[in-house]
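Have the model open while you read, and follow along in the viewer.

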Amino acid sequence: METKKDQIVVNVVNATNASQMGTEISDGAEHAPRISVSHMNFFYGKFQALNQISLDVLRNQVTALIGPSGCGKSTFLRSLNRMNDTIPNTRIEGKILLDGEDIYARGIDVVALRKRVGMVFQRPNPFPMSIWENIAYGPKLHGERNKGRLNEIVEKTLRDAALWDDVKDSLTKSAYDLSGGQQQRLCIARVLAVDPEVVLMDEPCSALDPNSTYRIEQLMDDMKSRYTIVIVTHNLQQAARVSERTAFFLRGEMVECSDTSRMFAQPQDKRTEDYVQGRFG
C-alpha cells in the first residue's frame with residue numbers, strides 16, 4: 001500500500017522530471033562556478049555550526065539547499081554575502097570565492113559585496129516608506145540621483161518582479177498596504193534594483209499562500225537567465241520544481257550535492273535517501 005510519504009517522493013520526482021525533462025545539466029564552461037566554497041567551517045562562539053563545507057554554485061542556475069531545521073542551511077547562505085558578520089562572536093574558516101575573489105579577504109568592501117550578492121529573507125521586510133522609495137532606496141544609496149533614471153529602475157525592477165501591473169497606479173502608497181505575496185515580490189524587486197549578480201533567498205515562500213508561492217517560483221524561473229540564485233527551502237517539492245542542483249545539509253555537514261533530478265531519484269547517501277523519502281526531518 002502506498003503511504004503518504006511514498007506519495008511525497010513520487011510527487012517530488014515527478015515535479016523534477018517535469019521541470020527538467022530530458023535535460024542533463026552539464027558542469028561545463030557555460031555553467032562555470034559563480035561561487036566556490038572550499039573547506040568552510042563556521043562557529044558561533046565555541047559551537048561549530050558548519051563543518052568542512054565545499055560546494056560550487058553554478059552561474060545562471062538555481063541551487064537549492066535542503067535539510068532539517070538547524071542543520072546549517074541558513075548559516076551557510078548568510079555566509080555568501082557576509083550577513084553573519086552582523087552576529088557577534090562568530091568566526092569563519094576556509095575560502096569563499098566570488099568569481100575567483102575571496103570575499104573574506106582583508107580590504108573587501110562589504111557594502112559593494114552585498115550589492116553584488118543580494119538577499120531576500122524568509123518574511124517580507126519592506127521599508128516603512130512608499131513603494132517607489134523602497135525600490136529607489138538602493139540605487140540612491142549607491143549614488144544614483146537622477147529622478148528619470150530612478151523612475152526607469154523602479155519600473156524595470158517591478159516589471160522583473162511581476163509586480164508592476166499591480167502597483168503602477170499606487171507607487172506613492174505605503175509598501176505596508178500590499179499583500180504578503182506582493183510585499184515579498186517588492187523585496188525581490190528591491191534586491192534587483194541594485195543590479196546584483198547573485199540572489200540569495202532564505203525560505204522566501206514559507207509565509208506565503210500557495211498562489212503567491214507559485215508566482216515567486218515563476219519569478220525565480222524567469223530570473224535565472226540573468227542571475228545566479230541560491231535558495232534555502234524546507235519544501236522538497238519546491239526544490240524539485242525550481243532548482244537545477246540541490247545540496248543536502250545535515251548536522252552542519254553537506255552530505256551530498258548533485259543535479260536535482262539525480263538527488264531525488266538516485267541519492268548517493270543513505271541519509272539523503274531517508275530525508276527525501278520523509279523518514280525524518
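How are helix 4 and helix 5 oriented to each other, roughly parallel or roughly perpendicular? This is a predicted model, and in it the axes of helix 4 and helix 5 (residues 147-160) cross at roughly 115°. Angles of 65 to 115 degrees count as roughly perpendicular, so helix 4 and helix 5 are roughly perpendicular to each other.

**Helix 4 with helix 5**

- The two axes come within 9 Å, and helix 4 passes helix 5 in a right-handed crossing.
- On the helix 4 side, the contact involves Ile 131, Trp 132, Ile 135, Ala 136, Pro 139 and Lys 140.
- Helix 5 meets them with Lys 147, Leu 150, Asn 151, Ile 153, Val 154, Thr 157 and Leu 158.
- Sorted by type, the residues of this contact of helix 4 with helix 5 are 9 nonpolar, 2 polar and 2 charged.

**Helix 4 with helix 7**

- Helix 4 (residues 131-141) also packs with helix 7 (residues 180-192), at an angle of about 30° and with the axes 7 Å apart.
- That angle makes helix 4 roughly parallel to helix 7.
- Here too the handedness is given: helix 4 passes helix 7 in a right-handed crossing.
- Helix 4 contributes Ile 131, Asn 134 and Ile 135 to the contact, while helix 7 contributes Leu 186, Ala 189 and Arg 190.
- The residues of this contact of helix 4 with helix 7 divide into 4 nonpolar, 1 polar and 1 charged.

How values were computed. Residues numbered from 1 in each chain as written. Predicted model: local features only at pLDDT ≥ 70, side-chain atom pairs only at ≥ 80, totals over all residues. Heavy atoms only, no water. Axes fitted to C-alpha atoms, helices over the stretch in contact; angles between N-to-C directions. Helix = DSSP H or I, 4+ residues; strand = E, 2+ residues; numbered from the N terminus. Parallel < 35°, antiparallel > 145°, perpendicular 65-115°, else oblique. Left-handed = near helix turned anticlockwise from the far one by under 90°. Contact = heavy atoms within 4.5 Å. Nonpolar A, V, L, I, M, F, W, Y, C, P; charged D, E, K, R; others polar.
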